[in-house]
Amino acid sequence: MKKILTLFLVSILLLTACSSKTKNGGAADSTKSTNEITVWTWDPNFNVKAMKIAEEFYKKENPNFKLKVHHQIL
């Protein structure tokens, strides 16, 4: 159950980061458009898998989205 809850929270964070807007409703940076997010992870059995699953769900509505996952060994 903890893994599902954590996956859900990470997915929400990922989606929130992708949908940031300015006060006027435009894109946060209208001069540079990017569909890529970089995340740093530490557990290949949990964090990396959770990010890949979240990426699959997000790509269904945003096909140009790219996720770069960096694995950091602690």
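Tutor: Isoleucine 12 lies in helix H1. The model is a predicted one, and everything below is to be read with that in mind. Helix H1 spans residues 2-18 and also holds phenylalanine 8. Is isoleucine 12 buried, exposed or partly exposed? Its relative accessible area is 39%, so isoleucine 12 is partly exposed. A nonpolar residue can belong to a surface patch if its relative accessible area is over 30%, and isoleucine 12, at 39%, passes that cut-off. The patch in question covers about 460 Å² and is nonpolar, with Leu5, Phe8, Leu9, Ile12 and Leu15 as its members.

For scale, the whole protein chain exposes about 6,100 Å², and 59% of that area comes from carbon and sulfur atoms. Of its 74 residues, 20% count as buried. The chain has two helices and two strands, which follow one another in the order α-β-α-β.

In the chain as a whole, of the contacts between residues at least 6 apart in sequence, 67% join residues at least 24 apart.

Alanine 54 belongs to the largest nonpolar core, a set of eight residues whose other members are Leu14, Ile37, Val39, Met51, Tyr58, Phe65 and Leu67. Helix H2 gives the largest share of this core, three residues, while S1 and H2 each contribute at least two. In soluble globular proteins, nonpolar side chains tend to be buried together.

Methionine 51 touches Val10, Val39, Thr41, Leu67 and Val69, if residues up to four places away in sequence are left aside. The other detail concerns rings. The chain has one aromatic pair, formed by tyrosine 58 and phenylalanine 65 in an edge-to-face arrangement, with 4.8 Å between the ring centres and 70 degrees between the planes. Both tyrosine 58 and phenylalanine 65 are buried.

Charged side chains complete the survey. Side chains of opposite charge can pair when their charged atoms come close. There are two salt bridges in the count. One joins lysine 59 to glutamate 55, at 3.9 Å from N to O. These two residues are four apart in helix H2 (residues 47-61), which means that about one helical turn separates them. How does burial compare across the pair? Glutamate 55 has a relative accessible area of 11% and is therefore buried, whereas lysine 59, at 35%, is partly exposed.

The other bridge is between glutamate 36 and lysine 68, at 3.7 Å from N to O. This pair links distant parts of the chain, with glutamate 36 in strand S1 (residues 36-41) and lysine 68 in strand S2 (residues 66-71), 32 residues apart. Here both partners are partly exposed: glutamate 36 has a relative accessible area of 37%, and lysine 68 one of 39%.

Methods
Residues are numbered from 1 along each chain as its sequence is written. This is a predicted model: local features need pLDDT of at least 70, side-chain atom pairs count only at pLDDT 80 or more; totals for chains, interfaces and linings use all residues. Side-chain values use heavy atoms; hydrogens and water are left out. Buried means under 20% relative accessible area, exposed over 50%, partly exposed in between (1.4 Å probe, protein chains only). Contact means heavy atoms within 4.5 Å. Accessible areas come from the Shrake-Rupley method with a 1.4 Å probe; for residues, only the protein chains shown count as cover. Patches are made of residues with over 30% relative accessible area and no salt bridge: like charges are joined within 9 Å, nonpolar side chains (Val, Leu, Ile, Met, Phe, Trp, Tyr) within 5 Å. A salt bridge is a side-chain nitrogen of Lys or Arg within 4 Å of a carboxyl oxygen of Asp or Glu. A nonpolar core is a set of buried Ala, Val, Leu, Ile, Met, Phe, Trp, Tyr and Cys residues joined through side-chain atoms within 4.5 Å. Rings of Phe, Tyr and Trp (its six-membered ring) pair if their centres lie within 6.5 Å; planes under 30 degrees apart count as stacked, over 60 as edge-to-face and the rest as tilted.
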